[in-house]
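This briefing covers a surface patch and some backbone geometry.

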Amino acid sequence: MSERAASNHPGSRATSTGTPPRVRAALAAVGIALVALPWLIGAFGDAWVRALCFAALYVMLALGLNIVVGFAGLLDLGYIAFYAVGAYTYALLASPHLTEHFPALAHAFPHGLHVSIWIALPIGASLAAAFGILLGAPVLKLRGDYLAIVTLGFGEIIRIFLNNLNAPLNFTNGPSGITLIDQVQIGGLDFAHPGTIVGVQPSSLVLYYYLLVAMALLAMLVCIRLQNSRLGRAWMAIREDEIAARAMGINVRNVKLLAFSLGATFGGIAGGLFAAFQGFVSPESFSLQESIVVLSMIVLGGLGHVPGVVLGAVMLAMLPEVLRHTAVPLQTAVFGRVLIDSEVLRMLLYGLATVGVMLYRPRGLWPAPEHGTEGNNTPRGPGPASQVVPRHG
């Protein structure tokens, strides 16, 4: 096909006009729904708005872990450690804890150490990225189960340190955690006391919802750009065949370290926002179970596919709230008593969902479209068009 014919081809004309109108309309509808959602679901109680906030946090965590596991193919079971690093960094910089236990800091900051979120979040993200490189450097030659065991140990080491760094110097306050963490302040807007904005008086939960959703959307945009970038293609090449990727000239060591550090950065930002949102952090929030939950989100949604990861994160993040309002009343109405606690039922459903996905949708509920397909999940097998025609003679 000549260049002139190619320019007149309908497909080339569609790609040159930018985003199709249907896509723009769908994005506008999603944006309106996200803006209106806290007001609509808030009519059923603040607990649902809080659940949406945690869903946005889990979306950021799942997207960060998807960089390591989905894009680069590196099984990380200690990812929640970076979440903890970001949360404790923000908690220490935006609370009176350090000035109460270290006289030198109290003398330097007589009114307390209250660092702005615009400074605390980048510091937490940078520290998390540094810990990601610290984890990635020694395990570059490990694969599969061995890598999973080492990363699991790293996550537990961080949690144990946070649980015990209250003596002889009290850095983390041990199992008691850190309280009185500053609320987010953006300009003159205090999330603890929002007041009236444009004639509307939103609650603190609604403001945090908008902040967390905005950060989650930004994380999605970054991940989509990374996936389509040269670095993203290098990650996927390593995931498919590390030896072939090295033979093609990819610096496997640096690319793996970038995966660990960028994934950890997402976790550090999410951790800082979690500390600001909760106003309290403790080691109990960063157990191995949380790492398993985040990993389940990306496996359920679809490894390496950003929309699938978001779907899995939202589904599993909202599941506890749904069970809390349905499991106990339903069992009471049917059996007259509660047979299975909602928390136990949640883990049971996690396990059943994982087994079901592995059996019937091994690539996730919303997998990435394969090359040469229309985005379906049906395996490509030999058919009439793919059979080899024997040669005569």
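Is N173 buried, partly exposed or exposed? At 24% relative accessibility, N173 is partly exposed, where buried means under 20% relative accessible area, exposed over 50%, and partly exposed in between (1.4 Å probe, protein chains only). This is a predicted model, in which local features need pLDDT of at least 70, side-chain atom pairs count only at pLDDT 80 or more, and totals for chains, interfaces and linings use all residues. Residues are numbered from 1 along each chain as its sequence is written, and side-chain values use heavy atoms, with hydrogens and water left out.

**Loop between α9 and β1**

- N173 lies in the loop between α9 and β1 (helices are DSSP runs of H or I, at least four residues; strands are runs of E, at least two; numbering is from the N terminus).
- N173 is not a glycine, yet has a positive phi of about 65 degrees.
- L180, in the loop between α9 and β1, has a positive phi of about 55 degrees and is not a glycine either.
- L180 is exposed, at 58% relative accessible area.
- P168 is in the loop between α9 (144-164) and β1 (185-186), and the peptide bond from A167 to P168 is cis, with omega near -5 degrees.
- Most residues other than glycine have a negative phi, and most peptide bonds are trans.

**Nonpolar surface patch**

- Residues including L330, F335 and V344 form a nonpolar patch on the surface, and the patch has about 830 Å² of accessible area together.
- α15 (306-335) and α16 (342-360) each supply at least two patch residues; α16 gives the most, with 4 residues.
- V344 lies in α16 and is exposed, with a relative accessible area of 51%.

Terms used. Patch = residues over 30% accessible without salt bridge, like charges linked within 9 Å, V, L, I, M, F, W, Y side chains within 5 Å. Areas by Shrake-Rupley, 256 points an atom, 1.4 Å probe, with all protein chains shown as cover. Salt bridge = Lys/Arg side-chain N within 4 Å of Asp/Glu carboxyl O.
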